[in-house]
Amino acid sequence: MTAVAHTSRGALRGDDSTGDVVAFRGVPYAAPPTGDRRWRPAQPVEPWTGVRDAIAFGPIAPQDISPERLAKRGLTMDEDCLRLNIWTPAADERRRPVLVFLHGGGQAVGHGSAPLLDGARLARRGDIVVVTMNARLGVLGSLYAPGWHGPDSTNLTLRDQRHALRWVRDEIGAFGGDPDAITVAGQSSGAIAIAALLTGGCDLFDRAILQSGGLERVRSTAAAAAVAEQLGVLRCGREPTVEEILAAQRGIDTGFVPPQGPFHPCIDGVVITEHPLVTARSCDMRAIPILAGTTRDEWRIFDAALDESIFTAQYVRDRAQALAGDGHDPDAVVATYQGDHRALRDVASAMVTDYHFTAPTEQFVRGHAERGNLVFRYELQWPSPRAGLGACHDSCLPLVFGNLDAAPVLAGTEEAARRMSDAVQELWLTFIRGGTPWDLYDGVGGATMLLGPDPRIARGHRAEQLAIWENRYPAYG
């Protein structure tokens, strides 16, 4: 096994202490976005001489996290955060399939060095190369103020991710990876980023996996500009500190239902010219295979913070009205969901799950599939061991990466959970290797893999509920 990789910018020494996987951590894929580069697209990293250690994780992007929590995890936080992490069976000349994973967190929190996203198990199991990354987050990655900083200052998170993908395409051969077999995967806001990259014509990956993406959340220019107007600290005549920017972020009204995404990508006319749901319906995206899906009970983990007394019949009706709009009778919407759910709390959560996650994901891949492209749809039904959470948001992560101990509340750690993780990993690896993990989804009523204690293919899965949200995103139509 080789623990030194030779990139075009310099040599890197990885951690081969496990004996069967080499981890290269904190690898810089771009120059620090500091000083004059703060509001600019990522720039190439400066070359170095000698062998640079890539043993420890690099800084995570500035975000709301306590110093105590950072220290407990052995991490640091800094604007100089454009780093990635690579797990490979060996930094040799073999050409293994590559998985690049974009983390979630509302494009406001999160990082590629989270224990849940450790790529060692997946790299070992599949003989693949696994890459995670950090990019700018929050205001530093999403500010829409071209009048303040110029037209190339928008969607910096997306620009960072695109720059990292270009680095992977150019350099992954030094780590035993195949630059012509790159799958990009993302969960939550990571899946939103992939949808935006796809509709923006990004050609830096060959397959895509979208997990639990709230794809309706790409913002209009007006919504993004309204967020910028709340950030007076950015117009104080000097460059604000990171602490001042994070404090200003906390004051932004994010809403709750329908969920708002003040730091998600926006239609800036440069990186994104049209909402992904419009592009996916109206024209061809790149003809690459897509695996996409959601969990059955995405929103339950968010509603879990609300007191039971909130979920009255009137509250649930009001939520249905807010989500479905004037084109639907809210009582009829509630009745449709009560066929599957008894508790009012579960009805309320299920409506947001479909409005925000399931329906947009289905609509995004539908046109792609109907044009003859390979699409594989799934719904994860494996329940959390915590009562009431069901198959909630984030529960796909420990199953895909195999790191059940990193978040036991999401999927459990018992033998049955390990078998479920093994099954999910094999399906994902089949797709990453260019195979067919299950029956193709070919449009409305097509095959959906239900991943639960008894995995099976369903057709026309939950069609009545999904029909409610058809044409529900008029701001983008």
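Two helices, α5 (156–171) and α6 (189–199), each supply at least two residues to the lining of the largest cavity. This is a predicted model, so please keep that in mind throughout. The largest cavity has a volume of about 100 Å³. Its lining consists of Leu102, His103, Gly104, Gln107, Met133, Asn134, Ala135, Leu137, Thr157, Gln161, Ser189 and Gly190. Sorted by class, that lining has eight polar residues, four nonpolar and no charged ones.

How many cavities of 30 Å³ or more does the structure hold? There are three.

Which element provides the largest share of the lining of the second largest cavity? That is α7, with three residues. By class, the lining of the second largest cavity divides into nine nonpolar residues, one polar and one charged. For the largest cavity, as I said, the count was four nonpolar, eight polar and no charged.

Next, a helix pair. Helix α11 covers residues 313–324 and helix α12 covers residues 330–338. Their axes come within 8 Å and cross at roughly 105°. Angles of 65 to 115 degrees count as roughly perpendicular, and α11 and α12 are therefore roughly perpendicular to each other. On the α11 side, the contact is made by Val316, Arg317, Ala320, Gln321 and Ala324. On the α12 side, Pro330, Asp331, Val333 and Val334 take part. The residues of this contact divide into six nonpolar, one polar and two charged.

Asp297 lies between β10 (290–295) and α10 (300–303). Is Asp297 buried or exposed? Its relative accessible area is 4%. The cut-off for buried is under 20%, so Asp297 counts as buried. What does Asp297 touch, leaving out residues up to four places away in sequence? The list is Thr353, Leu389, Gly390, Ala391, Cys392 and His393.

To recap the places to look at on the screen: the largest cavity, with α5 and α6 each giving at least two lining residues; the second largest cavity, with three lining residues from α7; the crossing of α11 and α12 at roughly 105°; and the buried Asp297 in the loop between β10 and α10.

Key
Residues numbered from 1 in each chain as written. Predicted model: local features only at pLDDT ≥ 70, side-chain atom pairs only at ≥ 80, totals over all residues. Heavy atoms only, no water. Axes fitted to C-alpha atoms, helices over the stretch in contact; angles between N-to-C directions. Helix = DSSP H or I, 4+ residues; strand = E, 2+ residues; numbered from the N terminus. Parallel < 35°, antiparallel > 145°, perpendicular 65-115°, else oblique. Contact = heavy atoms within 4.5 Å. Nonpolar A, V, L, I, M, F, W, Y, C, P; charged D, E, K, R; others polar. Buried < 20%, exposed > 50% of the residue type's maximum accessible area, 1.4 Å probe, protein only. 1 Å grid on protein atoms, 1.4 Å probe; cavity = no way out; pocket = protein on both sides within 12 Å on 5 of 7 lines; lining within 4 Å. Points joined across faces, edges and corners; volume = space filled by probe spheres on them.
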